[in-house]
Amino acid sequence: MLRAGLIRRSAAGLYVWLPMGLRTLKKVEQIVREEMNRAGAFELCMPTIQPAELWIESGRWRKYGPELLRIKDRHDREFVYGPTHEEVITDIARRELRSYKQLPVNFYQIQSKFRDEIRPRFGVMRAREFLMKDAYSFHTDAASLAEGYRLMFDAYTRIFTRMGLKFRAVQADGGSIGGDTSQEFHVLADSGEDAIAISDADDYAANLETATSAASAAPRHGPVEPLTKVATPNVRTIAEVCALLGVEAARCVKTLLVDGSAGDVVALVIRGDHELNAVKSQKLDGIASPLRMASTERIRASTAAEPGSLGPLGFKGTIYVDRAAAHLADFVCGANDKDTHYRGVNWGRDLPEPRVVDIRIVQAGDPSPTGRGTIKIARGIEVGHIFQLGQLYSAAMNASVLDEEGKALTMHMGCYGIGVTRIVAAAIEQNHDANGIIWPQALAPFQVVLVPLNYQKSAQVQEIADALYRDFNAVGIDVLLDDRDARPGVKFADSELLGIPHRIVIGERSLKAGKLEYRHRRETESSEISAADPVGYIRDRLNS
């Protein structure tokens, strides 16, 4: 994007959109706007600077974290630079909506947001200031909310389809926005920041934070080995345990101690070859959120053991066991005694039957939770997220209307976001080659580039090029005329870097034969087309 002159960096996570980049950004905006209007939403514009009292009222003033940029005006009143607008729109709704007859209703805006990222990266993909479409719907009940959510899902599907992007909707966690039901829309790209779990046999897809796999249908086999305490000097990791005892990681368990919400520590037990899922784990009762690993001092105080020798056998506090670990028999675990482990450990015989939960990160090859196929891990770039918020904000902020009987009815809410600036970068990540960008047709800053050869020296070339430029504009086809005094190779390289889909080269030699040279950005060879009606030829290509 920098090489192509789409953007320029102003500061960390802050970018200027130059004319060529802004053209694509506006095309993204227009598609989003058209489909939101088609879905029946009303556009408005809310302030970027929001009063702190609304965030205090919703409870997010303290919960949101350091990404929330807090500022004061000259009167020492506190404000925030909005990272999102749930509070503001809820305040508008409670003042403007009076009756159930006004529902359902959906409001949206396309506007700048600011999140004070600790480490802005990937250019505009994770910038601090960005352009976002955020929409908010209000409903009388959960059934109406579910219907509004479905309408937004369909609208998002049309938006990304029209943009020519390969995408996938996946189950997701609500994060700092909240709500019980949410889905993310990911543009699929090998360079994607997010990992997503996809079934190879059906349409199951989920962000790795929320993905689950099917529990084993086979019963756990009974104990065979005796419980044995073994010395494991200087062994701290699963790999070292396996090497010393000659067992596979899948026959070991890891016991991780985390901070509890009541000031205690809680044990989380997973299989040795699995990784803990922090998002799932911090939702369990009695665990502090966000998830925090217990300090070495707290571990010693609660177990009298050292990290590396921890295990569920003999632990006095709350224990949660992942279902894969709960299915093990004759497994290896720490003995809560320095440089010591147990082998031949069994649930039900050596320690109580576990409290079974799903707290691990799924892996490629796991069975799909739908019971059909196995999980594959793909990479994606999140470009949209939709939520069923329920009464999370409306209850906290007392946003209600009068029902049929004249009684106060707390509204149900939905929230629907699209990262407009992020879409531009995601489209490039999905569509490029060694020479530059390959824009999907709907997002290209220009649909056609005219490359005249010797434009400054040949009156014939200049006359034809100028006429074609006028003709394309006359029929509404976005056209760029490269009239620079530069070598042909420079012009060709720049047109490929910019990624404009259709290129027409105008040269004296081809004009003598009544021809023009044409190449699509995705093609490797040029072809000749008639100079009689290049506009009609391109129009046919655009409509095909």
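**Cysteines, a sheet and its loops**

Reply: The structure holds zero disulfides, a disulfide being counted when a pair of cysteine sulfur atoms lies within 2.5 Å. In Cys45, which is in no disulfide, the sulfur has its nearest cysteine counterpart in Cys415, 17 Å away. Cys45 is exposed, with a relative accessible area of 66%; here buried means under 20% relative accessible area, exposed means over 50%, and partly exposed lies in between, with a 1.4 Å probe and protein chains only. Cys252, by contrast, counts as buried at 1% relative accessibility, and its sulfur is 4.0 Å from the closest cysteine sulfur, that of Cys242, which is too far for a bond.

The model is predicted, so local features need pLDDT of at least 70 and side-chain atom pairs count only at pLDDT 80 or more, whereas totals for chains, interfaces and linings use all residues. Residues are numbered from 1 along each chain as its sequence is written, and side-chain values use heavy atoms, with hydrogens and water left out.

Among the contacts (heavy atoms within 4.5 Å) with a separation of 6 or more, 69% come from residues 24 or more positions apart.

The part to look at closely is an open sheet of three strands, in the order S13-S18-S17, with antiparallel pairing; two strands pair if DSSP finds at least two bridges between them. S13 and S17 stand at the edges with a single partner strand each, so one side of each has no neighbour in the sheet. Neighbouring strands in this sheet are turned by 30 degrees against each other on average, direction ignored; the axes behind such angles are lines fitted to C-alpha atoms, for helices over the stretch in contact, and angles run from 0 to 180 degrees between N-to-C directions. S13 and S18 run antiparallel and are joined by four bridges, and Ala231 stands opposite Thr340 in S18. In general, strands of a sheet pair through backbone hydrogen bonds, either parallel or antiparallel.

The loop between S17 and S18 contains Asn336, which has a positive phi of about 55 degrees although it is not a glycine. Asn336 counts as buried, at 15% relative accessibility.

Asp339 forms a salt bridge with Arg236, and the closest N and O atoms are 3.1 Å apart. Because Asp339 lies in the loop between strand S17 (331–334) and strand S18 (340–345), while Arg236 lies in the loop between S13 and H6, the pair ties together parts that are 103 residues apart in sequence. Arg236 is partly exposed, at 36% relative accessibility.

A further salt bridge joins Arg251 to Glu225, with the closest N and O atoms 2.9 Å apart. Arg251 sits in the loop between helix H6 (238–245) and strand S14 (253–259), and Glu225 in the loop between strand S12 (205–207) and strand S13 (228–231), so this pair ties together parts that are 26 residues apart in sequence. Both residues count as partly exposed, Arg251 with a relative accessible area of 30% and Glu225 at 24%.

Elsewhere, Glu306 forms a salt bridge with Arg300, the closest N and O atoms being 3.1 Å apart; Glu306 is partly exposed at 24%, and Arg300 is partly exposed at 40%. Glu34, Glu35, Arg38, Arg158 and Arg162 are linked in a network of salt bridges, and the count for the structure comes to 44 salt bridges.

Two other loops hold cis peptide bonds. One joins Ser289 to Pro290, with omega near 5 degrees, and Pro290 has its place in the loop between helix H7 (278–281) and helix H8 (296–303). Another joins Leu103 and Pro104, with omega about 0 degrees, and Pro104 is found in the loop between helix H4 (86–96) and strand S7 (105–114).

Terms used:
A salt bridge is a side-chain nitrogen of Lys or Arg within 4 Å of a carboxyl oxygen of Asp or Glu.
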